[in-house]
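Let's take a walk through this model together, moving from one local feature to the next and ending with the chain as a whole. Keep the viewer open as you read.

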Amino acid sequence: MGAYVNPIYPYKSPADLMATPPQRKPLIVIGAGPVGLAAAIDARLQGLEVLVLDDDKTVSVGSRAVCYAKRSLEILDRLGIADEACGLGVSWNIGRTFLEEDEVYQFNLVPDAGHKRPGMINLQQYHVEEMLIARALELGADIRWQHKVTAVTRHDDHATLTVETPEGHFDIEADWLVVADGARSPIRRHLGLDIEGRVFQDRFLIADVIMKADYPAERWFWFDPPFHPNQSVLLHKQSNNVWRIDFQLGWDADPEEEKKPEKVIPRLKAMLGDERPFELEWVSIYTFQCRRMTDFRHGRVLFVGDAAHQVSPFGARGANSGFQDADDLMWKLGLVMQGQANEKLLDTYAMDRQFAADENIMNSTRSTDFITPKSRTSKTFRNQVLALAKHHPFARKLVNSGRLSMPSFLTDSVLNTPDADAFEGQMVPGAPMDDAPVQVDGQDAWLLDQVGRGFAVLHFVDAVPEAQTLATLQALKQGVVPVDSLIVSRQALQVPGFKVLVDAQGWMAKRYDAQPGTTYLLRPDQHVLARWRSLDSARLQTALARALGQVGAQA
């Protein structure tokens, strides 16, 4: 057994960035964590120049974010690292909750078949960052280590940054600035921007333990276990025989004292109940916080990830919501930077993701209140729910050991076109797309791998479409903002000039409540924008204009 060794990334002289007057870059990202790197990769996939500045020279110390949800894996598919991440990570769908030693609740994140990715993988953040860095460099992103941004000045059409390096400081300008510098966000503080919410009076110990154990690849959560009475414990399996164990400590615990090995090791021995060898890789103490900035956009400065919002770790909503921030922001920013949309479109980034942050904070707050009740009444309620859940199914829905990250349904987004036709199912305007198995050119494939590189239309048919329909779809492909037009059929069809998705198993028709003629318009980040029972050029063009912020997009 051996602990992970952090790589050291080379420092590069900033001589090429120093200039008087300052150089102007189209896009600068502050922070080479998972969310900043995702934004940089997305920019490069769109052909945009991007400079990433980070004050460190390595990846995260300790596993930090470990649970990556199905939606994040679908985003990482588009960015190009999901196969690698899933290959190294531990896939899981089942979670179990225990009261003392009895199981009282179980859930399955992906109860039905027909999905490419599992409900979750567990993978240490440092591994994910290494993969993202390699991918960003492969795509030509300019990442500068030991480049600390010490000041940002906002202007109407750019931002000026002061950057400190081992060779001295310099100024540089950015047409657009994405701030992904973490929960403590020096840039947010420097600009005097608010962040509001709750700090919960409880502390948890995180221990990353290297050991060989036969626990299954599931999420296990205990309330009041015999090895840690009157508190809670969480167990997750990670890659390379690393196990994440979280111990509730209470608000009165001394953080510095509790981190000492002589305090941590007896807790672990009591839990494991045997003499198996183990090694501490990383120990940390954290306090729950559920907070967000009032506004994620400040002119040319845009905040993403923990810099914009924070939630408690139970539910894995931090890094996962950060990836969704970058996913929402970058298609909009790309259109604006390439002159295909007005910058007002970026206001919808703030609206969409502030809505999602509020949803995450609500769920995280409820979980935290259940896990760490702060009054005698709420503790009595919690304990009664757990006791009833052993024997009564109705109570199991009330057990809350952390409602796990799910993508937000952006049903109130001003970019959506409301339904005019009747549909069943969950694929409403604003919904994140459900995946489904398909065949393309006789090969097995997945729906989500066919979309996500721009706007797209799915048109369901039972035969080769008529010439007028094909002309409408072809015109969409050749527009100022191109729309990829895909034809979906239950049988293989030959339609020259178009990709045909064969829904041989019927999962698409079922999940999208589709029949011949059904048409979906999709956002570049794989959310539904609009859907109709028939293809109509005028309605499609109006919906596309709305999605670009040109029609009806007044907040």
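**Aromatic pairs and what surrounds them**

The structure holds 18 aromatic pairs. One of them joins Tyr105 and Phe107, whose ring centres are 6.2 Å apart with 45 degrees between the planes, a tilted arrangement. Both Tyr105 and Phe107 are buried. Keep in mind as you look that this is a predicted model.

Now turn to Phe204 and Tyr286. Their ring centres lie 5.8 Å apart and their planes meet at 10 degrees; planes under 30 degrees apart count as stacked, so this pair is stacked. With a relative accessibility of 1%, Phe204 counts as buried. Tyr286 is buried too, at 11%, because the cut-off for buried is under 20% relative accessible area. Elsewhere, one aromatic cluster is formed by Phe98, Tyr215, Trp220, Trp222, Phe227 and Trp243.

Next, find helix α2, residues 70–79. How many of its ten residues are buried? Ten of the ten are, so the helix is described as mostly covered. Just after α2 comes Gly80, which takes a positive phi of about 105 degrees.

Two loop residues are worth a stop as well. His158 sits in the loop between β9 (148–154) and β10 (159–165). Is His158 buried or exposed? Its relative accessible area is 10%, so His158 is buried. Beyond residues up to four places away in sequence, His158 touches Arg24, Thr153, Glu173, Ala174, Asp175 and Arg300. Pro26 is 132 residues from His158 in sequence, yet their C-alpha atoms are 9.0 Å apart.

The other stop is Val495, in the loop between β23 (483–489) and β24 (499–502). Val495 has a relative accessible area of 5%, so this residue is buried as well. Setting aside neighbours within four places in sequence, Val495 is in contact with Val464, Pro465, Leu470, Ile487 and Val500.

Finally, zoom out to the whole chain. Its secondary structure comes to 14 helices and 26 strands. For 555 residues, a compact globule would have a radius of gyration near 24 Å, and the chain's 25 Å agrees with that. Along the principal axes, the C-alpha atoms fill a box of roughly 75 × 65 × 45 Å. Of the 555 residues, 58% are buried. Among contacts with a separation of 6 or more, 72% are between residues 24 or more positions apart.

How values were computed
Residues numbered from 1 in each chain as written. Predicted model: local features only at pLDDT ≥ 70, side-chain atom pairs only at ≥ 80, totals over all residues. Heavy atoms only, no water. Helix = DSSP H or I, 4+ residues; strand = E, 2+ residues; numbered from the N terminus. Rg over C-alpha atoms; globule rule 2.2 N^0.38 Å. Buried < 20%, exposed > 50% of the residue type's maximum accessible area, 1.4 Å probe, protein only. Contact = heavy atoms within 4.5 Å. Phe/Tyr/Trp six-rings, centres within 6.5 Å; stacked < 30°, edge-to-face > 60°.
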